[in-house]
Amino acid sequence: MLIDGHGRVVNYLRVSVTERCNFRCQYCMPEKPFSWTPKEKLLSFKELFLFIKVAIDEGVNKIRITGGEPLLRDDLDRFISMIHNYSSDIDLAITTNGYLLDTVAERLKRAGLKRLNISLDSLKPEVAHKIAQKDVLDRVLKGIDMALEVGLGVKINMVPLKGINDGEIIDIMEYCKARDIKVRYIEYMENRHAVDSLKGMHGKEILAKIKESYRINALGREGASPSFNYRTDDGYEFGLIDPHKHDFCESCNRIRLTAEGFLIPCLYFDEAQSIAKAVKSGDIDGASEVLRAVLRDKPKENRWRVDESIDDISARAFYETGG
Ligand code: SAM
Ligand code: SF4
């Protein structure tokens, strides 16, 4: 069992397989010149898998593949099947923007994938375009349909932004309700890479919008998940992820691995240690040592403060960390 320096059991690993993306979501990576990490620096699936085996052997039983856009990485289904074949009990999921899903959903399902979280910020083509800075909606909706058709579990993530998609909170809920899938509203998290003018809706503002259409009951947090669940008076369950509140840190159960091999104990902390050297030389004990050191260093709380200057927040972007 993996236990961090604050006594929390850590059983959840998020693995970013690439920082690259085919979207430029305004809240994540606006369109401006980028210098991507050279491809040679990315860990191969074999190297990532070596660490994943160590993590599973030590107690990780939940893995999410993310990015950047994970479906940009060739042969992702091969990676999924490596993990699934090693331990079929692992709760294995992917977070994706859905753009390429139409063509790969079936292969991913066959490889052993169970669940997907798909980002869907708008049902209006022009608003989706404005947020992603690309014409994306049709393909994303096709991807969602295909994922459902092949029998993958689907959850939708929406980031409500003031003056952009704040009028669609109920529309997205109705879309999800009609497909019997759960939506999770995510508070916009300020960061140095987002478009400056963006203003996110806070959790209580999101709930107030929903209350204009439904009476809602609070259900509580789902285990160690940052998502707080609610139920509408007609029985639909949705989630709210409000990191500004900090109240999920005390039960945090996760660590993150970047595509370059940095093991990160918390989403917005600069501290990280590299497993690259260990996995490149097949050094299982070395990888295990880094894992334990990162757990010892895992901070008590995330550094999300509304009143904190953006310069005090970690420079690392979501697309690098695997948001
Ligand atoms: N590209 C994939 C996607 O968009 O689903 C996976 C990576 S993305 C970084 C993971 C999640 O982080 C998405 O649901 C996205 O909406 C969310 N996200 C990115 N930037 C965010 C921000 N500044 N505030 C809140 N959520 C954010
Ligand atoms: Fe890409 Fe996802 Fe970031 Fe959007 S949120 S730019 S899809 S990594």
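Here is a short tour of the model, stop by stop, with something to select at each one.

Before you click, note that this is a predicted model, in which local features need pLDDT of at least 70 and side-chain atom pairs count only at pLDDT 80 or more, while totals for chains, interfaces and linings use all residues. Residues are numbered from 1 along each chain as its sequence is written, chains are lettered from A and ligands numbered from 1 in the order in which they are written, and side-chain values use heavy atoms, with hydrogens and water left out.

**Stop 1: the core**

Start by selecting Leu13 and Ile63. These two have the most contacts inside the largest nonpolar core, which has 98 residues. A nonpolar core here is a set of buried Ala, Val, Leu, Ile, Met, Phe, Trp, Tyr and Cys residues joined through side-chain atoms within 4.5 Å. Buried means under 20% relative accessible area, exposed means over 50%, and partly exposed is in between (1.4 Å probe, protein chains only). As background, nonpolar side chains in soluble globular proteins tend to be buried together.

Now show what surrounds Ile63. Leaving out residues up to four places away in sequence, Ile63 touches Tyr12, Leu13, Val15, Ile52, Ile56, Ile83, Ile90, Asp91, Leu92 and Ala93. Contact means heavy atoms within 4.5 Å.

**Stop 2: helix 1 and helix 9**

Helices (H or I, at least four residues) and strands (E, at least two) are DSSP runs, numbered from the N terminus. Select residues 45-58 for helix 1 and residues 284-297 for helix 9. How do the axes of helix 1 and helix 9 cross? They come within 10 Å and cross at roughly 65°. The axes are lines fitted to C-alpha atoms, for helices over the stretch in contact, and angles run from 0 to 180 degrees between N-to-C directions.

Show side chains at this contact: helix 1 brings Leu50, Phe51, Val54, Ala55 and Glu58, and helix 9 brings Ile284, Ala287, Ser288, Leu291 and Arg292. Colour by type and you get seven nonpolar, one polar and two charged. In this scheme Ala, Val, Leu, Ile, Met, Phe, Trp, Tyr, Cys and Pro count as nonpolar, Asp, Glu, Lys and Arg as charged, and the others, Gly among them, as polar.

While you are on helix 1, pick Lys46, which lies in this helix. Lys46 counts as exposed because its relative accessibility is 67%.

**Stop 3: around ligand 2**

Which residues are around ligand 2? Select Cys21, Phe23, Cys25, Tyr27, Cys28, Met29, Gly68 and Asn97; each has a heavy atom within 4 Å of the ligand, the cut-off for being near a molecule or strand. This shell divides into six nonpolar, two polar and no charged.

**Stop 4: some loops**

Go to Pro38, in the loop between strand 1 (12-18) and helix 1. Pro38 counts as partly exposed because its relative accessibility is 38%. Its C-alpha atom is 9.6 Å from that of Glu260, 222 residues apart along the chain.

Next, select Leu152, in the loop between helix 5 (137-149) and strand 5 (153-158). Is Leu152 buried or exposed? Leu152 is buried, because its relative accessible area is 4%. Among the residues Leu152 touches, beyond four places away in sequence, are Ala105, Leu113, Leu116 and Ala147.

Two aspartates are worth a backbone check. Asp75 sits in the loop between strand 2 (62-67) and helix 2 (76-86), and its phi is near 60°. Asp180, in the loop between helix 6 (169-178) and strand 6 (182-186), also has a phi near 60°. Most residues other than glycine have a negative phi. Asp75 is partly exposed, at 43% relative accessible area, and Asp180 is exposed, at 74%.

**Stop 5: Arg184**

Finish on strand 6 with Arg184. Arg184 counts as buried because its relative accessibility is 12%. Its C-alpha atom is 4.3 Å from that of Gly239, 55 residues apart along the chain. Contacts of Arg184 beyond four places in sequence include Asn117, Lys155, Asn157, Ser225 and Gly239.
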